[in-house]
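Hi,

Here is the structure I promised to pass on. Have a look at it first, and then read my notes below.

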Amino acid sequence: MEIDEDRSDFEKDEEEDDDSVSDLLRDRFRLSAISIAEYEAAKRNGMEISQPIVACIADLAFKYIGQLAKDLELFAHHAGRKSVTMADVIVSAHRNEHLAASLRSFRDELKAKEPQCERKRKKVPRKDDKAIEGIVHIPDL
C-alpha cells in the first residue's frame, strides 16, 4: 500500500494548495530580490549582476527565511506564547552580532516612537473586602 493511498483527497488538495502558495511566495521573493539587486548594484555602483546569481541568492534567502520562521515559531511556543515577539527575532539573530545590534537599535527606535501612556492598574480586591462581603452584620438592640 502506498502512502498516497492512505491520504484523503482533502489532504492531497490541501498539500497542493500549500505548495502553490509556497511557489508563488518564492517567485515574488525572487522578483523582489532581482529588483533590489539591480537597483543597489547597477544604479549605485554601475555594476551588472547576472540573473542566475541573483536567482541563486534569492533562493538561498527564501530557504533561510523559511527556517527562520520555523525557529521563531518554536521560540514563541517554548515561551508559552502564540505570537512571535521582537525579543524572539533578536534571539534568532544571536549568531550574527551585527544583525542583532541592528535589530536592537530598531527595537529601541520603535519604543521611542510609541506614545508614553500611563498603565492602568487593575483593581485588585483586598482580602478584607472579600471577608466583609460574606459577613452579615446584625445591629445590637
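**What I found**

The protein chain has 6 helices and 0 strands. Going along from the N terminus, the elements read α-α-α-α-α-α. Please keep in mind that this is a predicted model. The mean pLDDT of the protein chain is 79, and 72% of the residues score at least 70. Where is the mean pLDDT lowest, and where highest, among the elements? Helix H6 (residues 127–133) has the lowest at 53, while helix H5 (residues 97–113) has the highest at 92.

A few totals for the whole chain come next. Of the 141 residues in the protein chain, 11% are buried. The chain exposes about 13100 Å², with carbon and sulfur atoms supplying 57% of that area. If you take the contacts with a separation of 6 or more, 30% of them are between residues 24 or more positions apart.

**The aromatic pair**

With ring centres required to lie within 6.5 Å, the count comes to 1 aromatic pair. The two rings belong to Phe29 and Phe62; their centres are 5.8 Å apart and their planes sit at 55 degrees, so the pair is tilted.

**Helix H3**

H3 has 28 residues, which at 1.5 Å a residue should span 40 Å; the C-alpha atoms at its ends are 40 Å apart, so the two values agree. Which residues are buried in H3? They are Val54, Ala55, Ala58, Leu72 and Ala76. After H3 comes Gly80, which has a positive phi, near 80 degrees.

Asp88 is found in helix H4 (residues 86–92). Its relative accessible area is 5%, so Asp88 is buried. What does the side chain of Asp88 make a polar contact with? One partner is the side chain of Arg81, at 2.8 Å. The Asp88 side chain also reaches the backbone nitrogen of Thr85 at 3.0 Å. Setting aside neighbours within four places in sequence, Asp88 is in contact with Leu72, Phe75, Ala76, Arg81 and Ser83. Two names in that list, Leu72 and Ala76, are among the buried residues of H3.

Ser92 has its place in helix H4 too. Ser92 has a relative accessible area of 19% and is buried, since the cut-off is under 20%. The side chain of Ser92 reaches the backbone oxygen of Val89 at 2.5 Å. Again leaving out neighbours within four places in sequence, Ser92 is in contact with Leu68, Leu72 and Phe75.

If you open the model, you could start with the ring pair of Phe29 and Phe62, then go on to Asp88 and its contact with Arg81.

Cheers

Definitions and conventions: Residues are numbered from 1 along each chain as its sequence is written. Side-chain values use heavy atoms; hydrogens and water are left out. Rings of Phe, Tyr and Trp (its six-membered ring) pair if their centres lie within 6.5 Å; planes under 30 degrees apart count as stacked, over 60 as edge-to-face and the rest as tilted. Helices (H or I, at least four residues) and strands (E, at least two) are DSSP runs, numbered from the N terminus. Buried means under 20% relative accessible area, exposed over 50%, partly exposed in between (1.4 Å probe, protein chains only). Contact means heavy atoms within 4.5 Å. Accessible areas come from the Shrake-Rupley method with a 1.4 Å probe; for residues, only the protein chains shown count as cover. pLDDT is the predictor's confidence in each residue, from 0 to 100. The expected span of a helix is 1.5 Å times one less than its number of residues. A polar contact is a pair of N or O atoms within 3.5 Å; within protein, one must be able to donate a hydrogen and the other to accept it, and residues adjacent in sequence count only if both atoms are side-chain atoms.
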